[in-house]
There are 2 protein chains.
Amino acid sequence: MNSKDQSGEAAYKVVARELRQGILQRRYADGTRLPTEAELATEYQVSRQTVRRAFHDLVAEGMVYRVPGRGTFAAPRDGQYLRQFGSIEDLMGLSLDTQLEVLRPLRRQVDIESASRLRLDSDVVHTVVFRRTHFGDSFCHTTVHLHPAAAAALDDVPELGQEGAVSDATIIGLLDTRLPSPIAEAEQSITAAAAERTLADALGCQVGDPLLRVDRTYLTTDLQPVELAINHFLPEQYSYRVKLRRNTH
Amino acid sequence: MNSKDQSGEAAYKVVARELRQGILQRRYADGTRLPTEAELATEYQVSRQTVRRAFHDLVAEGMVYRVPGRGTFAAPRDGQYLRQFGSIEDLMGLSLDTQLEVLRPLRRQVDIESASRLRLDSDVVHTVVFRRTHFGDSFCHTTVHLHPAAAAALDDVPELGQEGAVSDATIIGLLDTRLPSPIAEAEQSITAAAAERTLADALGCQVGDPLLRVDRTYLTTDLQPVELAINHFLPEQYSYRVKLRRNTH
DNA sequence: CGTTATTTGTGCGTATGTATT
DNA sequence: AAATACATACGCACAAATAAC
């Protein structure tokens, strides 16, 4: 490692992170060129190779594309909010460029179905409803049901209890540090649904419009479900991408 | 470029391709270590940096994982440490309990968008439209666009050329045995869409009903796209499930 | 039309750090 | 403690694509 590195974070990761954030915050409009390798090397006081290493990651993530002789460009996203959610980290990183706005504050309620999906003994869950926005655009409506212990762990987060409050957090990001055991995995189920009145109002679409519904159950390392999130996305602004591989038995 | 390079193919790509093939052919069983960087550098007569470049690609693809001090290992395919989820077999297994009915027989046509998504030089693709049923219930409408070579490989399947024909095959199942290199992976994009007239008729739902739209591009082991399938599912009869894991090995 | 400058791509050498055995 | 193996970082040289002249 370089002698200049005091923080423990690799130089190329710093460069990649800052560029990623800049792209997500639309600091590089579609079609405009990013700084060249040489420019970034000077700016960050690293070698050109280190900048290349950062770009290599961003290309793999699909954040940018590069053309020899021309430059590096932010990958066009035809209006869609395009993020790869292949891992839990990706979901936690959501807070990098989105905000949540509380529509219905966190409160205790009886919900037999959610309680059973969280494998609770009682029928009591804690529920919060919010909307997630990206630069002012609402693209996701989320209802989160929490295990009582998880809800208790969020006691010190006043925003969640207040209607209209805005935060740049993610629920699992908050839970991950507050629970005794961290979040280890999530089970995700994806289907389509028509927008009901509440959803249509929150997302600014028509009643009956098709929405992408994504249910996620988050489990801690001891496989205890702690959170059930029911998300509804506007399809024009969001699509879910995965790679499938062969199982060669 | 290195003076040894006569072929025009980058040295690191050759190394990556051969390793990828070896892994897909199970030449490195789960848990056994791949050759070290130094060994591969000697074997291929390239520098250690070039081997690293190849491994970097394989890591990004999820083919291998690396542990400092221990070595490089083929990523297990049974889901345990898998970063990417779902499997091609699941899709091939469709034919076990479903049937397809040809709505529009396989024929040559010009489709610029599909051709570009298949990364073709020309604008000509071969297209077939069918409906998939499960015990008489239609649950999926599929439009398949094929690489010309893939379409040629299906010449001996008369059902595809005949409207109304019924078969219990899957297109990739057919392609897998007929193409020189097998199907290795698929890229999948999921979103929601409203049913158009054609879709509604085929699936027996109302125009405007929400459908789950799943686009899949199938690639052979040499990463050549051969098939683009656009599926529309009835959400009541289909939902897509995946498990997400934490990225730390 | 070729020439030149710019920019990314490939390849290799070296040094040092960190994790594992 | 030593050897092994991967990770990070920097340096250089040249190739290939692009754009401007």
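Tutor: What follows is a look at the nonpolar core and the aromatic rings, and then at some strands.

This is a predicted model, in which local features need pLDDT of at least 70 and side-chain atom pairs count only at pLDDT 80 or more, while totals for chains, interfaces and linings use all residues. Residues are numbered from 1 along each chain as its sequence is written, chains are lettered from A and ligands numbered from 1 in the order in which they are written, and side-chain values use heavy atoms, with hydrogens and water left out.

The largest nonpolar core has 74 residues. Such a core is a set of buried Ala, Val, Leu, Ile, Met, Phe, Trp, Tyr and Cys residues joined through side-chain atoms within 4.5 Å; buried means under 20% relative accessible area, exposed over 50%, and partly exposed in between, with a 1.4 Å probe and protein chains only. The members that touch the most others are Leu175(A), Leu212(A), Tyr240(A), Leu175(B) and Leu212(B). Neighbours within four places in sequence aside, Leu212(A) has contacts that include Phe233(A) and Tyr238(A) in chain A, and Ile190(B) and Leu212(B) in chain B; contact means heavy atoms within 4.5 Å. Another core, of 20 residues, lies apart from the largest one, and Tyr12(B) and Met63(B) are among its residues.

Over all chains there are six aromatic pairs. Rings of Phe, Tyr and Trp (its six-membered ring) pair if their centres lie within 6.5 Å, and planes under 30 degrees apart count as stacked, over 60 as edge-to-face and the rest as tilted. Phe139(A) and Tyr238(A) are stacked, because their ring centres are 6.5 Å apart and their planes are at 25 degrees. Phe139(A) belongs to strand β5 (residues 137-146) of chain A, and Tyr238(A), 99 residues apart from it, to the loop between β9 (225-233) and β10 (240-245) of chain A. Strands (E, at least two residues) are DSSP runs, numbered from the N terminus.

In chain B, strands β3 (residues 99-110) and β4 (residues 124-134) run antiparallel and are joined by nine bridges; two strands pair if DSSP finds at least two bridges between them. Val129(B) in β4(B) stands opposite Arg104(B). β3(B) also pairs with strand β6 (residues 166-167) of chain B, antiparallel and over two bridges, where Glu101(B) has Val166(B) as its bridge partner.

Terms used:
Helices (H or I, at least four residues) and strands (E, at least two) are DSSP runs, numbered from the N terminus.
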